[in-house]
Amino acid sequence: MLRIDVITLFPEVIEAGVSYSIVGRAREWSLAQIRAIPLRDYAEGKHRKTDDEPYGGGAGLVMKPEPIFKAVESCLCSAPATSSRPPRIILLEPQGRLYTQAMAQELSEQEHLILICGHYEGVDARVREYLATDVISIGDYVLTGGELPALILIDSVVRLLPGAIHSPESLGQDSYADGLLGYPQYTRPAEFRGMRVPSVLLSGNHGAIARWRRKEQLRLTRTLRPDLFAKACLTQADIQLLSELESPEEA
Ligand SMILES: C[S@@+](CC[C@H](N)C(=O)[O-])C[C@H]1O[C@@H](n2cnc3c(N)ncnc32)[C@H](O)[C@@H]1O
């Protein structure tokens, strides 16, 4: 079972985010144990202060290192002694490594993830330098806190756990699973307000459907994400499909 501890100032946000749908079910089915750890419980003093003014001056507040180190240490102490892999201590920061599907896959194969959610102006840099094993950003933009990034990471990881979704074969069809975007999906009705589903999908010809879907993956990725397309590992069959895309009837 994958264990995920989320160190946060807002445990209720994490709890709400992991209580429904696939992630909620994965918890019920004991595929994942997800705990929101209230950072304030590890802060000292009457006011349980978790932040302070930045050294050197400047606007805003910075999260103090002591409560974060203590909270992580407590998560490490309560980990089962049977763990064979070292826990991953993940600081969520806009300056981190950009999160990808490949990283989600890799994290889904771990035993214990500890996620640290920042707030305010961010977290004292010693957490990044001396405590975190990974620093992850979910995109090139700045959010108020690390709770939504943590929930995004949890959702993307938990759905990859064996048994988490009913049809695991659909995971292989997802965008990014093989370096390409996914193909377009349609459902009933076959015609809606004059908009028709591509006829090949109604043909029952599984070979033709598979070829059409792969061709769409190639076309969409080349058009929408040329950066991904440039890195994709293409087969001979893909190259043939691409040459068909160049022919006038495909335009
Ligand atoms: C307002 S942000 C701090 C931004 C910081 N001053 C900077 O310029 O990089 C507060 C917290 O939100 C979280 N956060 C914001 N944007 C994020 C992103 N793109 N990826 C991951 N975490 C993010 C982090 O935990 C961060 O410590």
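**Close-up views of a predicted model**

**View 1. Two domains of the predicted model.** The centres of domain 1 and domain 2 lie 37 Å apart, taken over C-alpha atoms. Domain 1 spans residues 2-158. Domain 2 spans residues 169-250.

**View 2. An open sheet of five strands.** The strand order is β2-β1-β6-β5-β7. Pairing is parallel. Strands β2 (32-38) and β7 (134-137) stand at the edges. Each of these two has a single partner strand, so one side of each has no neighbour in the sheet. Direction ignored, neighbouring strands are turned by 30° against each other on average.

**View 3. The pairing of β5 with β7.** Strand β5 covers residues 88-98. Five bridges join β5 to β7, in the parallel sense. Arg97 stands opposite Ile136 of β7.

**View 4. Helix α3 across the strands.** Helix α3 is formed by residues 65-77. It lies across β1 (2-8), β2, β5 and β6 (112-117). Relative to β6, helix α3 runs at about 165°.

**View 5. The crossing of α7 and α9.** Helix α7 takes in residues 206-224, and helix α9 residues 236-246. Their axes come within 10 Å and cross at roughly 75°. Angles of 65 to 115 degrees count as roughly perpendicular, so α7 is roughly perpendicular to α9. From α7, the contact uses Arg211, Arg214, Lys215, Leu218, Arg219 and Arg222. From α9 come Asp238, Leu241, Leu242, Glu244, Leu245 and Glu246.

Definitions and conventions:
Residues numbered from 1 in each chain as written. Predicted model: local features only at pLDDT ≥ 70, side-chain atom pairs only at ≥ 80, totals over all residues. Heavy atoms only, no water. Axes fitted to C-alpha atoms, helices over the stretch in contact; angles between N-to-C directions. Helix = DSSP H or I, 4+ residues; strand = E, 2+ residues; numbered from the N terminus. Parallel < 35°, antiparallel > 145°, perpendicular 65-115°, else oblique. Contact = heavy atoms within 4.5 Å. Domains from an automatic or database assignment. Pairing = 2+ DSSP bridges.
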